[in-house]
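Let's go through this one together, asking at each step what a label rests on. Here is the structure to keep beside you.

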Amino acid sequence: MPPNIFGDTPFYGAVGWVTLAYILVVAVFPWIGGRRSGPRGVMTSTAIALLVLGVLCCLLILQCKVGFCGHGAMILVPLLALAGIAGVLTIISAALAWYQWRK
């Protein structure tokens with residue numbers, strides 16, 4: 001029996017929880033970057049935000065490959081799909097922020 005209910009899922013370690021929390025806020029970063037330096041800041045902060053999202057997803061997959069995910073790996077696919085949706089929403093948010101700060 002695992003030590004807790006998340007013992008055989010991607011949420012066993014901190015990487016899964018950090019990834020989930022980051023997914024929830026990643027679309028805001030283009031707006032934060034635009035406040036300082038306009039359209040260029042939007043593009044820079046968007047690129048960094050998407051890069052961090054990609055690294056977190058890779059770390060999540062690595063955690064399941066190296067560590068133990070067991071049958072709890074079925075949560076991995078929806079979590080990565082949610083990360084993909086967050087990436088698309090970040091790009092849409094960046095487009096809106098770029099248009100706003102361009103004026």
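Contact here means heavy atoms within 4.5 Å. By that rule, residues 24 or more positions apart account for 75% of the contacts with a separation of 6 or more in the protein. The model is a predicted one, in which local features need pLDDT of at least 70 and side-chain atom pairs count only at pLDDT 80 or more, while totals for chains, interfaces and linings use all residues. Residues are numbered from 1 along each chain as its sequence is written, and side-chain values use heavy atoms, with hydrogens and water left out.

Q: Why are α2 and α3 called roughly antiparallel?
A: Helix α2 (residues 29–66) and helix α3 (residues 76–102) pack at an angle of about 170°. Angles run from 0 to 180 degrees between N-to-C directions, and axes are lines fitted to C-alpha atoms, for helices over the stretch in contact. Under 35 degrees counts as roughly parallel, over 145 as roughly antiparallel, 65 to 115 as roughly perpendicular and the rest as oblique. The angle of about 170° is therefore in the roughly antiparallel class. The two axes are 10 Å apart.

Q: Which classes of residue form the contact of α2 with α3?
A: The contact has 21 nonpolar, seven polar and two charged residues. Ala, Val, Leu, Ile, Met, Phe, Trp, Tyr, Cys and Pro count as nonpolar, Asp, Glu, Lys and Arg as charged, and the others, Gly among them, as polar.

Q: How does the radius of gyration of the protein compare with that of a compact globule?
A: The protein has 16 Å, whereas a compact globule of 103 residues would have a value near 13 Å. The radius is taken over C-alpha atoms, and the globule rule is 2.2 Å times the number of residues to the power 0.38. Along its principal axes, the C-alpha trace spans about 60 × 20 × 20 Å.

Q: Why is C64 called buried?
A: Buried means under 20% relative accessible area, exposed over 50%, and partly exposed in between (1.4 Å probe, protein chains only). C64 has 13%, so C64 is buried. This residue sits in helix α2 and, leaving aside neighbours within four places in sequence, C64 is in contact with P10, C69 and L76.

Q: What makes A81 partly exposed?
A: A81, in helix α3, has 43% relative accessibility, so A81 counts as partly exposed.

Q: How do you know that G72 is buried?
A: G72 has a relative accessible area of 3%, so the label is buried. G72 is in the loop between α2 and α3, with its C-alpha 9.1 Å from that of F11, 61 residues apart in sequence.

Q: Why does G38 count as buried?
A: G38 has a relative accessible area of 14%, so G38 is buried. G38 is in helix α2 and touches G33 and W101, not counting residues up to four places away in sequence.

Q: What share of the 103 residues is buried?
A: Buried residues make up 35%.

Key
Helix = DSSP H or I, 4+ residues; strand = E, 2+ residues; numbered from the N terminus.
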